[in-house]
Amino acid sequence: MNAPEPLPIDLPSFDNSFAALPEAFYTRLAPLPLGNPRVVAVSEVVAAMLGLPPGFVDSPQFAEIFTGNRLLPGSEPLAAVYSGHQFGVWAGQLGDGRAHLLGGLRNDTGHWEIQLKGAGRTPYSRGADGRAVLRSSIREFLCSEAMAGLGVPTTRALCIIGTDQPVRREEIETAAVVTRVAPGFVRFGSFEHWASRHRHGELQQLADYVIDTFRPACRTQINPYEALLRDVSRRTGELMAQWMAVGFMHGVMNTDNMSILGLTLDYGPFGFMEAFDAGHICNHSDHQGRYSYQNQPHVGQWNLYRLADAFLPLLKRPALARAAVDETYGDAFALRFAGLMRAKLGLRASLPDDETFIDETFAFLQMQRPDYTLFFRRLCRLSATNAPDRATDNAWRDLFIDRAAGDAWLANWRARQARTPWPDAERQAAMLAANPKFVLRNWLAESAIRQAKTGDFSEVRRLLACLRRPYDEQPEFEAYAALPPDWANGLAVSCSS
Ligand code: AMP
Ligand code: MG
């Protein structure tokens, strides 16, 4: 075989912190090559974050590297082991069945681990093919970057590489590889793995790794492991609040999909709320509705209890584990959620009865089922001080079949505004920065996927450009802010990926 062409540029050097853990934590193995790779889309923001030199993404080597066909110098590819609870049931060992961690880069924007998803079988594939299809790869790529644009903590995505390799799902599709980027990919299930095997040495090593690498402040506490558990609990509470406020549904909140760093992790059958229904289930395979919109805060806590159980051997008194969750999670969620909802509703200052107003607003949304994103975005434009003005209110009123109910809620909102007055122009600017115009609606992802399957990736790239700045008006993307078209009624998203 000829030596590969030298890379055209100097790449940042690797600093592989996870690979420095003992071999019990992973299996070292190279990605399995895929023929004829081509770049579907690249997030330039993530490329810059990694310090990839300009022009590199256009080089022929880029697609080879991020398919896994060629390794970057210094990378030490591996698949990590973890376990987890899936749909409330202990599932035993899982692990990176189709993910290869290439290693970590450290630069002035932080420490970034780079992971290929869909680059072939690993010892944790459990009979599956180790691949990811173009469809689900586009969804993961776009949603990672959309969530970052929305300001929600998330793993990032550098690129999607498409190939011709057939992959069997419900039908034959083609394989793709997504490059994910995050400070770390450690999961709740990574801890459950060692606790379930009574391997307390590895459990402690993993906790020490997370503390020393990501949460050094915990080391200064009396009990660093308790401090870590509290940190995870608080961040998870805040993450759930952010998901709920933006109308995001994860779809598969198994403990193996929960990030120890409080990031949104593993995008599968996710969804964004459209016609509001608190009971909405975005994952077609979730028959019980365990991961419905309204259950997410509860499931976040349930998952934390599983993590707390795994932490028991690290804590001097078992009671500390539950207390670490109970004393942080609920408050972190409630405080963050109230703050986000006040911002969404344009409330200048908090009043003691705001919680009631927020509850009434959700009850109203449940009765009337307007589009969740448009309800808040159009509300931004209304005057809070004027007497009801039918003409300017109409874009918002059009969201309701029952106009009288809408008008009644609006009158309450204006009455609430009057108690903490805020000049319209200022309030509107603040509300526009808190209420996105664009979210990754299923029908948007679906139309980009349909086009991409024909070899035209332009819609994926346009959507990426739009979703990076979801709070900006971007009139050129007006169509992406629209209600789902008729053809999208009944679009179902399953776990198949
Ligand atoms: P997920 O539901 O995508 O979070 O995956 C749950 C577990 O199944 C993880 O251990 C994945 O690595 C594994 N898995 C999912 N799909 C595949 C696949 N196509 N090949 C190998 N492993 C997979
Ligand atoms: Mg997963």
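This is a predicted model: local features need pLDDT of at least 70, side-chain atom pairs count only at pLDDT 80 or more; totals for chains, interfaces and linings use all residues.
**Helix 5 and helix 7**

Helix 5 spans residues 200–214 and helix 7 spans residues 224–246; their axes lie 10 Å apart and meet at an angle of about 65°. Angles of 65 to 115 degrees count as roughly perpendicular, and helix 5 and helix 7 are therefore roughly perpendicular to each other. The crossing of helix 5 past helix 7 is left-handed. On the side of helix 5, the contact involves Gln204, Ala207, Asp208, Val210 and Ile211, while helix 7 contributes Pro224, Tyr225 and Leu228. Sorted by class, this contact comprises six nonpolar residues, one polar residue and one charged residue.

**Helix 13 and helix 14**

Helix 13 (residues 390–397) packs against helix 14 (residues 403–419) at an angle of about 110°, and their axes are 11 Å apart. These two helices, helix 13 and helix 14, are therefore also described as roughly perpendicular to each other. Helix 13 passes helix 14 in a right-handed crossing. Helix 13 takes part through Arg390, Asp393, Asn394, Trp396 and Arg397, and helix 14 through Arg403, Gly406, Asp407, Trp409, Leu410 and Arg414. The classes in this contact are three nonpolar, two polar and six charged residues.

**Ligand 1**

Ligand 1 is surrounded by 17 residues, of which Gly95, Gly97, Arg126, Gly130 and Asn257 are the closest.

| Residue | Atom of the residue | Atom of ligand 1 | Distance |
|---|---|---|---|
| Arg126 | polar side-chain atom | oxygen | 2.7 Å |
| Asn257 | polar side-chain atom | oxygen | 3.0 Å |
| Arg131 | backbone N or O atom | nitrogen | 3.2 Å |

Conventions. Residues are numbered from 1 along each chain as its sequence is written. Chains are lettered from A and ligands numbered from 1 in the order in which they are written. Side-chain values use heavy atoms; hydrogens and water are left out. Axes are lines fitted to C-alpha atoms, for helices over the stretch in contact, and angles run from 0 to 180 degrees between N-to-C directions. Helices (H or I, at least four residues) and strands (E, at least two) are DSSP runs, numbered from the N terminus. Angles under 35 degrees count as roughly parallel, over 145 as roughly antiparallel, 65 to 115 as roughly perpendicular and the rest as oblique. A crossing is left-handed if the near helix is turned anticlockwise from the far one by less than a right angle, and right-handed if clockwise. Contact means heavy atoms within 4.5 Å. Ala, Val, Leu, Ile, Met, Phe, Trp, Tyr, Cys and Pro count as nonpolar, Asp, Glu, Lys and Arg as charged, and the others, Gly among them, as polar. A residue is near a molecule or strand if one of its heavy atoms lies within 4 Å of it. A polar contact is a pair of N or O atoms within 3.5 Å; within protein, one must be able to donate a hydrogen and the other to accept it, and residues adjacent in sequence count only if both atoms are side-chain atoms.
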